[in-house]
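Open your viewer and keep the selection tool at hand. We will walk through the strands, then the core, then the charged pairs.

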Amino acid sequence: VTTQIQPQSSDLKTAYKLYPENTKIDWKKPIKTIHNHIRGLSPYPAAWCYLINNDKEERVKIYSAFAKADTEILEEKDKNTTLGSIQIEEGLLKVTALNGYLFIKEIQLPGKRKMDVKSLLNGYKFNENAKMR
């Protein structure tokens, strides 16, 4: 029996090395891009960003989230709401992005374990100017 050899596809894709610079979340990108960035890096090495709360900047990892795109957010957004701003609504942690909101489900604060947002909100307090950068 002779076996015919199939040539491999010439459309080779590069798997880029992961560094802290390319695993950081850029809140200026579209919500779908941010969501896919988080999904692609979970559970390891995990997407990360800075949390600015109470004049303190901490590096946090985001393991799980879901996105809600809204085409009218930019027009209806009040002047105080900026990209990366955090809002707490009905036990959900909502972050404003370019064309929607990212609802964080699992997060890790520095020196803490990975936890769901419901557990985080039981003990961690966000001030009104808290934001992700």
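Strands here are runs of at least two residues that DSSP assigns as E, numbered from the N terminus. The model is a predicted one.

**Stop 1: strand β5.** Select residues 100-108, which make up β5. Find I62 and look across to β5: I107 stands opposite.

**Stop 2: strand β4.** A hairpin of two residues takes the chain from β4 to β5. Select K94 and you will see F103 of β5 opposite.

**Stop 3: strand β6.** Select residues 114-116. β6 pairs with β5 over three bridges, again in the antiparallel sense. Here I107 stands opposite M115. Which residue in the turn of the hairpin between β5 and β6 has a positive phi? Click on G111: its phi is about 75°. Five residues lie between the two strands of this hairpin.

**Stop 4: the core.** Show side chains for W27, I62, I104 and M132. These have the most contacts inside the largest nonpolar core, which has 26 residues. At least two core residues come from each of α2 (31-41), β1 (47-53), β2, β4, β5 and α4 (117-123). α2 gives the largest share, with four residues.

Now zoom in on I104. What does I104 touch, leaving aside residues up to four places away in sequence? The list is I62, S64, A65, L93, V95, V117 and M132.

**Stop 5: the salt bridges.** A search of the whole structure finds three.

- Select R133 and E57. Their closest N and O atoms are 2.7 Å apart. This pair links distant parts of the chain: R133 sits in the segment after β7 (131-132), E57 in strand β2, and 76 residues separate them. R133 is partly exposed, at 38% relative accessible area. E57 is partly exposed too, at 42%.
- Return to K94 and select E89. In this salt bridge the closest N and O atoms are 3.1 Å apart. Is K94 buried or exposed? K94 counts as buried because its relative accessibility is 7%, and buried means under 20%. E89 is partly exposed, with a relative accessible area of 38%.
- Finish with E58 and K56. Their closest N and O atoms are 3.7 Å apart. E58 counts as buried, at 18% relative accessibility.

Notes. Residues numbered from 1 in each chain as written. Predicted model: local features only at pLDDT ≥ 70, side-chain atom pairs only at ≥ 80, totals over all residues. Heavy atoms only, no water. Pairing = 2+ DSSP bridges. Core = buried A, V, L, I, M, F, W, Y, C linked by side-chain atoms within 4.5 Å. Buried < 20%, exposed > 50% of the residue type's maximum accessible area, 1.4 Å probe, protein only. Contact = heavy atoms within 4.5 Å. Salt bridge = Lys/Arg side-chain N within 4 Å of Asp/Glu carboxyl O.
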